[in-house]
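Here are my notes on the model, as numbered points. Please read them with the coordinates open.

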Amino acid sequence: IWKLPKGIIKLLANAGDWLHLPLNNERLKKLTGNYLVSNQKIKETIGVDRLPVAVKTGLADAIASFKR
């Protein structure tokens with residue numbers, strides 16, 4: 001919505017570090033950094049090597065895991 005220069009945003013983040021404000025350098029990194037997603041945990045949990053899994057197989061595995 002607002003267009004602010006990069007320097008002003010960095011200045012606000014630095015002030016946030018000192019004043020313990022919601023916008024600080026750590027949050028700025030999270031907001032502007034790359035977001036990497038992995039499906040490794042999902043594959044390990046349902047016990048498959050490759051995705052996608054057929055719908056019937058995926059549902060059956062999910063239901064079986066809840067029964068355990």
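**Notes on the loop and the nonpolar patch**

1. Leu12 lies in helix 1. This is a predicted model, and the points below should be read that way.

2. Leu12 has a relative accessibility of 43%. That is between the 20% and 50% cut-offs, so Leu12 counts as partly exposed.

3. Leu12 also belongs to a nonpolar surface patch.

4. Leu23 sits in the loop between helix 1 and helix 2. Along the chain, Leu23 and Leu12 are 11 residues apart. Their C-alpha atoms are separated by 7.2 Å.

5. Leu23 touches Leu12, Ala13, Gly16 and Leu28, leaving aside residues up to four places away in sequence. Leu23 is partly exposed, at 30% relative accessibility.

6. Asn24 is in the loop between helix 1 (6–19) and helix 2 (25–32). Is Asn24 buried or exposed? Its relative accessible area is 18%. Buried means under 20%, so Asn24 is buried.

7. What does the side chain of Asn24 reach? It reaches the backbone nitrogen of Glu26, at 3.3 Å.

8. Asn24 touches Ala13, Gly16 and Asp17, again leaving aside residues up to four places away in sequence. Ala13 and Gly16 are also among the residues that Leu23 touches.

Methods: Residues numbered from 1 in each chain as written. Predicted model: local features only at pLDDT ≥ 70, side-chain atom pairs only at ≥ 80, totals over all residues. Heavy atoms only, no water. Helix = DSSP H or I, 4+ residues; strand = E, 2+ residues; numbered from the N terminus. Buried < 20%, exposed > 50% of the residue type's maximum accessible area, 1.4 Å probe, protein only. Polar contact = N/O pair within 3.5 Å; in protein donor to acceptor, adjacent residues only side chain to side chain. Contact = heavy atoms within 4.5 Å. Patch = residues over 30% accessible without salt bridge, like charges linked within 9 Å, V, L, I, M, F, W, Y side chains within 5 Å. Areas by Shrake-Rupley, 256 points an atom, 1.4 Å probe, with all protein chains shown as cover. Salt bridge = Lys/Arg side-chain N within 4 Å of Asp/Glu carboxyl O.
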